[in-house]
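Welcome! Please take a moment to look over the sequence and the 3D view, and then we will walk through them together.

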There are 2 protein chains.
Amino acid sequence: MVEKAIGITAPKSRLDEWYPQAIVKAEIADYSPVKGCMVIRPHGYGMWEHIQQYFDGRIKKLGVKNAYFPLFIPESFFKKEAQHAEGFAPEVAWIANSEEGERLAIRPTSETIMYDMYSRWIRSYRDLPLRINQWANVVRWETKATKLFLRTREFLWQEGHCVYETDEECAKETRLYLEEYQKLCEEVLGVAVIAGRKTEHEKFAGAKYTLSVEAFMPDGKGLQMATSHHLGQNFAKAFGISYLGKDEEAHLPYQNSWGISTRTIGAVIMEHGDDKGVVIPPAIAPIHCVVIPILFGKHDEAILQKAKDIQKKLKWLQVELDDRKGYTPGWKYNEWEMKGVPLRIEIGPKDIEKNCVVVIRRDTGEKQDVACKDIVSYVKACLEDIQKSMLRKSKERMAKSIVHPQNWEEVVKALDERKLVLGLFCGKIECEAGIKEKTGATSRNIPFDQKGQAGKCLHCGKETSTEIYFSKGY
Amino acid sequence: MVEKAIGITAPKSRLDEWYPQAIVKAEIADYSPVKGCMVIRPHGYGMWEHIQQYFDGRIKKLGVKNAYFPLFIPESFFKKEAQHAEGFAPEVAWIANSEEGERLAIRPTSETIMYDMYSRWIRSYRDLPLRINQWANVVRWETKATKLFLRTREFLWQEGHCVYETDEECAKETRLYLEEYQKLCEEVLGVAVIAGRKTEHEKFAGAKYTLSVEAFMPDGKGLQMATSHHLGQNFAKAFGISYLGKDEEAHLPYQNSWGISTRTIGAVIMEHGDDKGVVIPPAIAPIHCVVIPILFGKHDEAILQKAKDIQKKLKWLQVELDDRKGYTPGWKYNEWEMKGVPLRIEIGPKDIEKNCVVVIRRDTGEKQDVACKDIVSYVKACLEDIQKSMLRKSKERMAKSIVHPQNWEEVVKALDERKLVLGLFCGKIECEAGIKEKTGATSRNIPFDQKGQAGKCLHCGKETSTEIYFSKGY
């Protein structure tokens, strides 16, 4: 036996300790020798591939096409849109090679380099709407400690950048892409989110407004999952994008940009994991099912054959046959549970006699004897049920986390208890800064779903009817 | 009418002028404001997506898994393998932010950063073979003039990096991945290639040997399409990768790396284009077929309806319906021909009466009346025929380009005439340098397919039986 000690030494309830261990031990990602950068290992990258495949298919149906723009951005481009420049300046990485006489940044986001090109490509209303997306790496020179997936100097994402004739069309699609993100989070990642608008303070640097979907993690911190920015005409002005309208006059178009990144994988891990390790939703699982033959000498050959048969029957899924020697079945169970594979199928001597197998759900631990002839339909239904059930639990947990404080003391108490606060706030930048200073909490978003009842801002007492989500963040 | 002058102002025979125009006017790519960097537009990126999808599927079947490693590489890593460091030093881009006390490079290739991680992950023979691939951007700080797709400071590629217990296994798979590249070039890109081994002078910095597939462009220059490097134990030694064998002893493993990049799109364009513009092989065409309704008032509605029916019938393909107003059919034909769409379907009033359409092949210009009921099978067969025919022509052109000189004068003459020289060369580094100095030509590779007849090196006269391909390069 070559068994080595595995397993996570902290319970899920100690999320700060549990989280990096769960990731590294499941071989989802690893720390790299480059400060602030991580390595996404195949078991983690496989999740990203599923996210990409799903979302890429969705946006292509909406008329978006993929392209690729340079990694480098001339410094002067950043400066063209003042708020954008100010927002990104502190975290830009620069290239040392520069015979150009101008500093080159590594893209933290690609508005500027893309819109310079757009200004060359867009001539008339016939060129609009223009809908382009890019799957790429971006760099933000974080100085805070690395947190796998959540805070790294480089991460992977998609960034969509569209141009429209009218404000209305732009606003409509800005919302549409956010709805796509909500679908992705809930139906694919199984993570409940709140859709809404960011406050003025939290909006994207250079945007007219920013929409977001926000998750709430078990340690009581909010996590921004994706954003969709209505850029108004700010960048069109800054980059000289104009089009000749049907009226034969020149007009400034309206733009949006929207993105989701590998940080969502961090949310998936925190949301669904348990003391045994990671739990991966079937829709993004690199491996859906592991088949473990229990070999003790008796019926070994028949068991192995049955395991291969099962793998073949389930060939529309990614099924791993773990026939490694030198490991006990129990050790294998632990390892695959730690890796979060949604289903495990065990086949032992008794199962051969009864012509059935044992199927174990990762999310609930439920065991079920299943006749071999029923395995295909059982596995299919079971994976669907796991997917739905993971979202349901996430929604339940979020619902339980939300509190509705009636006064400032209750706000403070709720935030201390790591709750998600929904209450009346005026949304002013000064007020938000005050809340952050006093409690350390920041706004998540102003949910689309508003009661609309007037009352007083829980911080400054000013009349308002706007409900805003507040919580601690990462 | 809003027609603007389009069309390429140089014939294909003036490739240097034709090539950038063909790319930019077909909206495949564009020059960017960042020196040395290009933008890959949707019509070009769509080709890359097809290449990715095809090749990713192939290597996954061979047990390769995707992952993602940091963009940044510490300077000390480069220095660990001496030849590798020397080979890449001149073209590395460096990061200016460096509180780490160590310079960080932007990856020109990822051997070093990946193998540092491998040294942590690989413990025993049970961890081997390890087969990891990465789809990524890489940066090489070119100082020569930009050539779209062929010479840019940033390009996209895949890099596979595998680790094996034995030299034989490593050698076998190094060859296997090269064969996959040959299949990709020929069957997907329709570009004939020569498979062989690079000379000592041309091998990858740090490799034991390098295998390559080489194309030959219509302007008489060789173009390296892909390489597969057997790294021996060089990097394992440099990065301290070792594994505990079945014999309970520590061993150094063997490694290979292999890659193909967006430069292949440049080859596709040069290989297949004609005076009218680009010709895209169906297997990587972002648009397979454009349907152009010819609207002159009579039967307009019926024609448009028929066009939509055809699009629906061909929904397994990417079919564009060009019903834009303000452009003549002739103008549209030119535009889609320039963009290289494999098939055009015209529907006019007469076709409606006969219940047929006209199908035009981009590669040959052949026109064919096709009954509407036969359109699906006709298009399917036609696309297959185009794909095969493009490769056949490429093979014929390559065969005609090869000359077999018998003495040095004939070598010089053949290279002057921009031919692909196949002849006996000793393969020594000094001899290769001499040939380059005298003729400007460089070796392509030593083809696997060797006659094996002894004779004299065409340059130095030394006894040899090795045939090597030589030509001008990019």
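Let us begin with a term: two residues are in contact if their C-beta atoms, placed from the backbone, lie within 7 Å. This is a predicted model, in which local features need pLDDT of at least 70, side-chain atom pairs count only at pLDDT 80 or more, and totals for chains, interfaces and linings use all residues. Residues are numbered from 1 along each chain as its sequence is written, while chains are lettered from A and ligands numbered from 1 in the order in which they are written.

Start with chain A, which has 14 helices and 26 strands; helices (H or I, at least four residues) and strands (E, at least two) are DSSP runs, numbered from the N terminus. Its C-alpha atoms fill a box of roughly 80 × 55 × 45 Å along the principal axes. Of the 474 residues in chain A, 48% are buried, meaning that 20 or more other C-beta atoms, placed from the backbone, lie within 10 Å of a residue's own. Among contacts in chain A with a separation of 6 or more, 69% join residues 24 or more positions apart.

A:Gly222 gives a local view of this chain. This residue sits in strand E11 (residues 221–232) of chain A, and A:Gly222 is buried because 24 other C-beta atoms lie within 10 Å. Leaving out residues up to four places away in sequence, A:Gly222 touches A:Glu214, A:Phe216, A:Leu420, A:Arg444, A:Ser471 and A:Gly473. The C-alpha atoms of A:Gly222 and A:Tyr469 are 9.4 Å apart, although 247 residues separate the two along the chain.

Now for the two chains together. Here 36 residues of chain A are in contact with 36 residues of chain B. On the chain A side, the residues divide into 24 nonpolar, four polar and eight charged; Ala, Val, Leu, Ile, Met, Phe, Trp, Tyr, Cys and Pro count as nonpolar, Asp, Glu, Lys and Arg as charged, and the others, Gly among them, as polar.

Which residues does B:Ala215 contact, leaving aside its neighbours within four places in sequence? The partners of B:Ala215 are B:Cys185, B:Val191, B:Ala192, B:Val193, B:Leu223, B:Met225, B:Ala267 and B:Glu271.

Finally, look at two helices of chain B, H2 (residues 42–61) and H6 (residues 167–188). Their contact is made by B:Ile51, B:Tyr54, B:Phe55, B:Arg58 and B:Ile59 of H2(B) together with B:Glu180, B:Leu184 and B:Val188 of H6(B). By class, this contact of H2(B) with H6(B) has six nonpolar, no polar and two charged residues.

Definitions and conventions
A residue is buried if 20 or more other C-beta atoms lie within 10 Å of its own, exposed if 12 or fewer, and partly exposed in between; C-beta atoms are placed from the backbone.
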